[in-house]
Amino acid sequence: MRLFFRVTRLILAGLLLAGGSHLKAQAPTAKVDPFMGVTGRGNTVIGPQLPWGSISPSPDTPEGGSDGYNPQKRIRGFSQLHVTGTGSYGKYGQFLLSPQIGLNPAETGHDSDKADETAGVAQYRVRLKSYDIFCELTPTAHAALYRFTFPRSTNAYVLLDLAHNIPGNLFRAGLVEEGAVFVDPTNHIIRGWGNYWGGWSAEAVRLYFACRYSASGTAFGTWKNSSLTPGVATQTGERRRDGIGAYVRFATTTNQPVLFKIAVSFTSMDRAQEFLDREIPDWDYDKVRDQALAIWNEQLGKIQLEGATPDEQTIFYTSLYNTMRMPKDRTGDNPAWSSSEPYWDDHYCVWDTWKTLFPLDVLLHESMVRDNVRAFIDRYRHNGEVQDAFIGGNDRYYKWTGENNPEWLGNQGGDDVDNIIADACAKDVAGVDWNAAYDLIKHDADTARAPSYRAENRGWVPYRKFQFGLYCSRSLEFSYNDYCAALMARKLGHSEDATTYRQRSRNWEQLWNPATESDGFKGFITPRWLDGNWLAYNPKDDRPATSPGGVDRSFYEGSSWVYSYFIPHDFARLITLSGGAEAYCTRLQHALQAELIDFSNEPSFLTPYSFIYAGRPDLCSLWVRKNAASYTRTGFPGDEDGGAMSAWYVFAALGFFPNAGQDIYLLNGPMYPKATLTMENGRQIVIEGVNAGPENIYVQSLTVNGKPWPRAWLRHGDLKEGATLRFVMGPQPSDWGRQEVPPSASTE
């Protein structure tokens, strides 16, 4: 898929941008605020990029977090690769450009105070106060164009730092192992490469760049470990943490711009230069910026809101923007093998994105989902596995705690790539070899799941019987993986597999201890020994007292209060075990009111929607609105997580939510009077919210294509050819949607 170069659409969108100030004000890009998630919680990258673009140029600072940028700190320079919205360990930050008056190659010597900072989807601008240099940057798919406007000086420099990287700034875990930089002053070219370790998915990633500058320099040179070598065109680093780079000096008049364009490749310097010369053939900064604006207006315009307030539009469109920043489309730049198949990188990670991001793209960008599924298949063919974190071409993850002390974790949860594939299959995404996809699904089900989970089709992981730990949460995730595999097997005619996986998917119940008690409620997912005995355990903790932590925990990023509601395939059975619908709702209401459910993290994304399975869509609407209120102009409830958190908000605001892996959508009612989604097939989903507003949060009635719809759920088939959903909203709960609950594994 190549959204970046659809010239006809670019022209049409560009005409919209050029059509006058009124049209510009209405453009979706004008409603995006990249500071959301930067000034508040989220860890989003402030710099611009194209939808799913390979690079994301952005400023870096000291103490920048996983996104590299702390708005309270001085700017160190501008690097070309980032991951957005992620927590924990960062990644990338390579090929830092630092404009300076005078020259200081030391890592902290790049820093400058700032002023006049603005950010948008197509450019970032800031004044470096320490030098009075005004900096602007704008992206293409693999490259970025910088415009540095200098004051009058005979001592204006642009320095390129090859060793800089984000994990190294934060955890002293990132490092450059080796690299080289080459300057061609005659042709105004700088090229180079580096081999980098550390950060999330810490195995080495080799990166290449090519850079051109617009003006003739008065001097050039390279440097190594802060020692300058004027006039020397080549510099190499052979030892770990060698700092190397290049620089060019310019004599500038007042307000003279010097332009730099730089491209990054994962395969070679020549490929980087191909990207550079193809995507930015000249020095027209405004043209590159306007092309980026046109691309974003096309994509953001796939959802049109009516009746939303300016703040609501900003939160919505900024969230929608963030759903198209990761993963990265690096088709044609695969460093590991040659293939004509799509290649998508920087899944950071699908444990976050399978629940919301990919189901949203099924509706808006079906070809993106198609190409990611094909990329998963291709990775399986060549790697023999598809882990949930795939960053910089590395198909595994470990927590990097030092050069000689890696702590292996494997997948964070289950084999959640399976859920993305099953979701796409259930919704009939076109253009995928589903038999080849099923080979991957079957491999995971029969080989990749924890051996103790698969043994005799046990269907749960006994305490301390899996080297990667997280025994209970993994059991629940494996269980849902199996259910998704069973649905796909049944659809493709593999009836024996379907029966096996479906039966195994119901054994999560073996971890339900009816005697475990907390806050006056009994019955929780509880760690259990292989012999069947239960461990003493407090459901508010992530592990029993006998576990020291690390991976020797029972739950990942949550407690049993969180995970005892993660049964996406069989809420009916969970409700029965909880004492029936009324008792279930009482208990879940308590959990939400006591803040035992963590809305800032992915395991709880579906939890408020489970009220619908208990016949209480009104409580679903109430708690979805309460969570949505934690999205503000400054930030998100927690780490934005590469589009996962943003996609949750987009669905919640529109009024329906996927039970991902199945073809079911659960209905909470819209926040706005009207929203129109244009799918990739050209069909439209029109969502009307009669009386919708901050007080009118409860659905009173619904019609679908003019026909009364008494259920608080529908199927993908009800939407995929286009539909009009007309909700009537009100301030008080109604009886709508209470009678016919969605199907569950135990009731089908």
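## Close-up views of a predicted model

**View 1. R464, a loop residue with positive phi.** R464 sits in the loop that runs between α12 (451–454) and α13 (471–492). The model is predicted. Phi of R464 is positive, at about 60°, although the residue is not a glycine. Most residues other than glycine have a negative phi. Is R464 buried, exposed or partly exposed? Its relative accessibility is 39%, so R464 counts as partly exposed.

View 2. H188 belongs to the loop between β9 (175–184) and β10 (189–197). This residue is not a glycine, yet its phi is positive, about 60°. H188 counts as buried because its relative accessibility is 16%, and the cut-off for buried is under 20%.

**View 3. The cis peptide bond at P327.** M326 and P327 are joined by a cis peptide bond. Omega is about -5° here. P327 is placed in the loop between α6 (310–322) and β18 (328–329). Most peptide bonds are trans.

**View 4. The cis peptide bond at C349.** Here the cis bond links Y348 to C349, with omega about -5°. C349 is found in the loop between β20 (347–348) and α7 (350–353).

**View 5. The nine-stranded open sheet.** In what order do the nine strands lie? The order is β4-β5-β6-β7-β16-β11-β10-β9-β14, and the pairing is antiparallel. The sheet is open, with β4 and β14 (234–237) as its edge strands. Each of these edge strands pairs on one side only. On average, neighbouring strands of the sheet are turned by 15° against each other, direction ignored.

**View 6. Strands β4 and β5.** β4 (residues 114–119) and β5 run antiparallel and are joined by four bridges. A115 stands opposite R127 of β5. The hairpin that joins β4 to β5 passes through four residues. Which residues make up the covered face of β5 (residues 124–128)? They are Y124, V126 and L128. R125 and R127 make up the uncovered face.

View 7. Five bridges hold β5 to β6 (residues 133–139), and the two run antiparallel. L128 has I133 of β6 as its bridge partner. The hairpin of β5 and β6 has four residues between the strands. In this hairpin D132 takes a positive phi, near 55°. Further along, β6 pairs with β7 (residues 143–150) over six bridges, again in the antiparallel sense. L137 stands opposite Y146 of β7.

**View 8. Two helices across the sheet strands.** Which strands does α4 (residues 269–279) lie across? They are β7, β9, β10, β11 (205–213) and β16 (256–265). Helix α4 runs at about 45° to β11. Helix α5 (residues 285–300) lies across β6, β7 and β16. The angle of α5 to β6 is about 45°.

**View 9. The packing of α9 on α11.** Two packed helices are described by the angle between their axes and the distance between the axes. For α9 (residues 366–383) and α11 (residues 434–448), the angle is about 60° and the axes are 10 Å apart. The angle makes α9 oblique to α11. Their crossing is left-handed. On the α9 side, the contact is made by V373, F376, I377, Y380 and R381. On the α11 side, W434, A436, A437, D439, L440 and H443 take part. By type, the contact residues are eight nonpolar, one polar and two charged.

**View 10. D418, a buried residue of α10.** D418 lies in helix α10 (residues 417–426). D418 is buried, as its relative accessible area is 1%. Which residues does D418 touch, leaving out those up to four places away in sequence? They are I441, D444 and R449.

**View 11. The three-stranded open sheet.** Strands β26, β27 and β32 form an open sheet in the order β26-β27-β32, with antiparallel pairing. β26 (656–660) and β32 (713–715) are the edge strands, and each pairs on one side only. From one strand to the next, the twist averages 30°. β26 pairs with β27 (residues 663–667) over five bridges, in the antiparallel sense. The bridge partner of A660 is D663 in β27.

Note on methods
Residues numbered from 1 in each chain as written. Predicted model: local features only at pLDDT ≥ 70, side-chain atom pairs only at ≥ 80, totals over all residues. Heavy atoms only, no water. Axes fitted to C-alpha atoms, helices over the stretch in contact; angles between N-to-C directions. Parallel < 35°, antiparallel > 145°, perpendicular 65-115°, else oblique. Left-handed = near helix turned anticlockwise from the far one by under 90°. Contact = heavy atoms within 4.5 Å. Nonpolar A, V, L, I, M, F, W, Y, C, P; charged D, E, K, R; others polar. Buried < 20%, exposed > 50% of the residue type's maximum accessible area, 1.4 Å probe, protein only. Pairing = 2+ DSSP bridges.
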